[in-house]
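Q: I should like to go through this model with you, starting with its open spaces and moving on to its helices and strands. Shall we begin?

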Amino acid sequence: MSVTFVIGGSRSGKSTFAENKAREYGHKVLYIATAVVTDKAMADRVKKHQEQRPAEWQTIEMYSNFNTLINYNEFNESEVILIDCITTMIGNFMVDSKIDFDNCNIEEVNNLEKKIIKEVLSLINICNDKNKKLIIVSNETGMGVVPSYYMGNYFRDISGRINNRIGKKSDFMYFIFSGIPIKLKHRGEMVKWPQDF
């Protein structure tokens, strides 16, 4: 079992890198797609992702209830689990919550964040229990412009904290910068030059 965390900015090449890692890790791959198609732009992104994945990979579309994965043959038969991506999952939870982020109590946001963290940890734990190689893709949201609206601010903050949690849990971690991977962790430790590369 291992957790590989692939993080980077939008269109940085992190999905392509993660898919190549999945091919490297094994032949039986389950792709967990967290995206929900809500408009033409998202439909186009999903289509492009589908086209670049090998036809033999299994796909499940879900972003919650990961504790139920043991009920899926696709999960039980796979060596490698690739989830793409955590920030899309966070956005889905925020929309589903129906919270009015402009006027809400901070406790509502904190409880939502706890719920999302619980889901992420559930995914990591079930993959650990079943000896899967888990690859997690997420956006680095803290290096861009500070959103000028509350929901954007909360999204950025929740994403940052959850990425922190995943980073600490990961065995291997890569930051993708303009298509170039920068390795940050190796076997649970910060990389050492040059032996870990």
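**Pocket, helix, sheet and cavity**

A: The largest pocket holds about 1,000 Å³ of space. Please note that this is a predicted model.

Q: Which residues lie nearest the centre of that pocket?
A: Met-42, Arg-45, Cys-85, Thr-88 and Asn-139 lie nearest the centre, out of a lining of 41 residues. The elements that contribute two or more residues to this lining include helix H1 (14–25), strand E2 (29–33), helix H4 (86–97) and strand E5 (133–139).

Q: And which element gives the largest share of the lining?
A: H2 does, with seven residues. This helix covers residues 40–52.

Q: What is the lining of the largest pocket like by class?
A: It divides into 14 nonpolar, 19 polar and eight charged residues.

Q: Turning to H5, what span should it have, and what are its end C-alpha atoms apart?
A: Helix H5 runs over residues 106–129, and at 1.5 Å a residue its 24 residues should span 34 Å. The end C-alpha atoms are 34 Å apart, which agrees with that expectation.

Q: What is found at the start of H5, and what just after it?
A: At the start, a side-chain oxygen of Asn-105 comes to within 2.7 Å of the backbone nitrogen of Glu-107. Just after the helix, Asn-131 adopts a positive phi of about 60°.

Q: Which residues of H5 are buried?
A: Among them are Val-109, Leu-112, Ile-116, Val-120, Leu-123 and Ile-124. Glu-113 and Glu-119 are buried as well.

Q: How many cavities of 30 Å³ or more does a search of the whole structure find?
A: The search finds one. The largest cavity has a volume of about 50 Å³, and H5 and H6 each supply at least two residues of its lining. Ile-117, Val-120, Leu-121, Ile-124, Ile-162, Arg-165, Ile-166 and Lys-169 line this cavity. By class, these are six nonpolar, no polar and two charged residues.

Q: Now the sheet: what is the order of its strands?
A: It is an open sheet of eight strands in the order E3-E2-E4-E5-E1-E6-E7-E8, and the pairing is mixed. E3 and strand E8 (189–190) stand at the edges with a single partner strand each, so one side of each has no neighbour in the sheet.

Q: In which sense do E6 and E7 pair, parallel or antiparallel?
A: Strand E6 (residues 172–177) and strand E7 (residues 180–186) pair in the antiparallel sense over five bridges. Ile-176 stands opposite Pro-181 in E7.

Note on methods:
Residues are numbered from 1 along each chain as its sequence is written. This is a predicted model: local features need pLDDT of at least 70, side-chain atom pairs count only at pLDDT 80 or more; totals for chains, interfaces and linings use all residues. Side-chain values use heavy atoms; hydrogens and water are left out. On a 1 Å grid over the protein atoms alone, a cavity is a set of points where a 1.4 Å probe fits but cannot get out, and a pocket is an open set with protein on both sides within 12 Å along at least five of seven lines; lining residues have an atom within 4 Å of a point. Grid points are joined across faces, edges and corners, and a volume is the space filled by probe spheres set on the points. Helices (H or I, at least four residues) and strands (E, at least two) are DSSP runs, numbered from the N terminus. Ala, Val, Leu, Ile, Met, Phe, Trp, Tyr, Cys and Pro count as nonpolar, Asp, Glu, Lys and Arg as charged, and the others, Gly among them, as polar. The expected span of a helix is 1.5 Å times one less than its number of residues. Buried means under 20% relative accessible area, exposed over 50%, partly exposed in between (1.4 Å probe, protein chains only). A polar contact is a pair of N or O atoms within 3.5 Å; within protein, one must be able to donate a hydrogen and the other to accept it, and residues adjacent in sequence count only if both atoms are side-chain atoms. Two strands pair if DSSP finds at least two bridges between them.
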